[in-house]
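User: I'd like to go through how two chains of this model touch. Can you put it up?

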Amino acid sequence: MFTGQVIGEVWATRRHPTLEGFKLLVIDPHEVEARLPGGKKQGLVVAADAVDAGVGDQVIVAYGRAGRTALERGHDIAVEAAVVGVIDARSGPEVA
Amino acid sequence: MFTGQVIGEVWATRRHPTLEGFKLLVIDPHEVEARLPGGKKQGLVVAADAVDAGVGDQVIVAYGRAGRTALERGHDIAVEAAVVGVIDARSGPEVA
Amino acid sequence: MFTGQVIGEVWATRRHPTLEGFKLLVIDPHEVEARLPGGKKQGLVVAADAVDAGVGDQVIVAYGRAGRTALERGHDIAVEAAVVGVIDARSGPEVA
Amino acid sequence: MFTGQVIGEVWATRRHPTLEGFKLLVIDPHEVEARLPGGKKQGLVVAADAVDAGVGDQVIVAYGRAGRTALERGHDIAVEAAVVGVIDARSGPEVA
Amino acid sequence: MFTGQVIGEVWATRRHPTLEGFKLLVIDPHEVEARLPGGKKQGLVVAADAVDAGVGDQVIVAYGRAGRTALERGHDIAVEAAVVGVIDARSGPEVA
C-alpha cells in the first residue's frame with residue numbers, strides 16, 4: 001500500500017465491461033518533501049475508487065486482491081488497484 | 001493499474017502456445033509532463049490487447065489476474081498484463 | 001520483503017470497513033548509507049502493523065498474502081502490506 | 001510483461017530441487033534508445049527459459065503464474081519469471 | 001527473480017511467529033558493473049534463506065509463491081521472498 005494525492009480522473013468508453021461504473025482516479029504517490037526536487041517520485045498509478053474519493057484528496061491505495069476486496073464486486077474484474085481510504089491526519093515528515 | 005501510450009507492437013513466432021492470437025502492445029507509461037525531462041519514466045511494459053487498441057492510443061493497463069480477466073481466456077495463459085481500456089478523456093495535469 | 005524505518009502514521013475515517021482497527025504505518029525503505037545522497041531511495045510504503053511497531057522502529061515489511069498472514073484476519077481484507085518484525089540487530093553495511 | 005535482451009546465464013549447483021533442469025537467463029530490460037544514456041534502465045531480471053532462448057536474443061518475459069504456465073511444470077516450483085517468447089519483429093521507436 | 005549479493009542479516013525478536021527459524025538475509029541486487037556509478041541500483045531486499053546461503057554469496061532470489069515453495073513450510077507464513085540458489089558461475093557482462 002502507499003499514500004498519494006488524487007490529481008485527476010480518466011474516462012474510457014472502450015473498456016472491458018467489468019470496468020463499468022468504477023471511478024478511475026490518477027494517483028501521484030507521496031514522497032518526503034525534503035527530498036524534492038532531485039529525489040524522483042514513483043510513477044503515477046490508476047486506481048478504482050472504493051471510498052468516494054476525488055481530486056485533491058490524500059488517499060491510501062491497495063493493490064491486487066486487497067484492492068478488489070475493497071471494491072466488493074468479486075475478483076473477476078479487470079482491476080488491480082483501489083483507493084481504500086481518504087487520509088484525514090498523518091504524523092511524520094511532510095510529504096508532497 | 002497505470003496509464004500510458006501505445007508506442008509499438010512486438011511479434012514472436014517462437015512463443016508459448018497460449019500467446020497465440022494476442023496482439024502484444026508496447027506501452028510507455030505516462031508521467032506528469034511538467035516533471036520531464038529530468039524526471040525519469042517508468043520502464044516499458046508489454047501488454048496483450050483486450051480492447052482493440054493500437055499505436056498512438058492512450059490506454060489503461062492492468063496486471064496479473066485483472067489483466068487475464070479482461071482477456072477472457074482463463075488464467076492458464078502466459079500473460080500477466082493487458083490493455084483494459086482506451087482513454088478518451090482525462091482531467092488533471094498534462095501527462096506525456 | 002524489505003527493511004525500513006517507521007517515519008509516521010496515517011489515519012483515515014473514510015475507509016473500507018476491513019481497515020478498521022489496523023494501525024497504518026508509513027515506512028521509509030532502507031538504502032546503503034554510503035550510497036546516499038545521490039542514490040535515490042525506494043518510495044514510501046504504508047503497512048498495517050502486526051507486531052506493535054511504532055515511529056522510529058526499524059522493521060521488516062512483507063507484501064500480499066504474506067503480510068495478511070501476519071495480520072491474522074484472513075485474506076478478505078483491503079490490506080496488502082504488513083509490518084511483520086521489529087529489527088533488534090543487523091549485520092552488514094550501515095543503512096539509512 | 002516486458003521485453004529485453006538476454007545478456008547472460010547463471011548456474012547454481014546449490015539450489016532448490018525444483019529449479020533443476022531450467023536454463024536461467026539474465027535479462028536486461030529494454031528502454032527507448034533515445035532516452036539513453038541519462039535515463040536509467042530497470043534492474044536486471046533472472047527468468048527460466050520456456051522457448052529455447054539464448055544470449056543475444058530479444059525476448060518477452062512474464063512474471064508469476066503466467067511465467068510458470070509457460071514452463072509447464074505446475075505451480076509448485078521456486079520460479080516466478082519465464083522467457084515466454086523470442087521477438088522476431090517490432091514496431092515503434094528503437095530500444096536498447 | 002533476480003540475482004544479488006548477500007550483504008548482511010537481520011534479527012527480530014518481536015516478529016510474527018511464522019518467521020521463527022528463518023535466516024533473514026539482506027540482498028543487494030546486481031547491476032551491470034559498467035553502468036555504475038551513475039546508474040542507480042534497485043532497492044535492498046530481505047529474503048528468507050532456503051539454500052544455506054550466507055554473507056558474500058551471489059544468490060538467486062524468488063518472490064511470492066515461488067519463494068515460499070522453496071522454503072517448504074506451506075503458504076501460511078509471513079514471508080514473500082526467498083534465496084533459492086547460490087550462483088557458482090555466470091556468463092555475460094560483469095555485475096556488481
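User: How many residue pairs are in polar contact between chain D and chain E?
Analyst: The count is 16 residue pairs, both at pLDDT 80 or more. A polar contact is a pair of N or O atoms within 3.5 Å; within protein, one must be able to donate a hydrogen and the other to accept it, and residues adjacent in sequence count only if both atoms are side-chain atoms. This is a predicted model: local features need pLDDT of at least 70, side-chain atom pairs count only at pLDDT 80 or more, and totals for chains, interfaces and linings use all residues. Residues are numbered from 1 along each chain as its sequence is written, chains are lettered from A and ligands numbered from 1 in the order in which they are written, and side-chain values use heavy atoms, with hydrogens and water left out.

User: Which strands of chain D supply at least two residues of the side that touches chain E?
Analyst: E1 (2-11), E2 (14-15), E3 (24-29) and E4 (45-49) each do. Strands are DSSP runs of E, at least two residues, numbered from the N terminus. E1(D) gives the largest share, five residues.

User: What does E1(D) pair with in chain E?
Analyst: Strand E7 (residues 89-90), antiparallel, over two bridges. Strands pair if DSSP finds at least two bridges between them. D:Val10 stands opposite E:Arg90.

User: Switching topic. How many salt bridges are there between chain D and chain E?
Analyst: Two. A salt bridge is a side-chain nitrogen of Lys or Arg within 4 Å of a carboxyl oxygen of Asp or Glu. E:Arg35 forms one with D:Asp28, the closest N and O atoms being 2.5 Å apart.

How values were computed
Helices (H or I, at least four residues) and strands (E, at least two) are DSSP runs, numbered from the N terminus.
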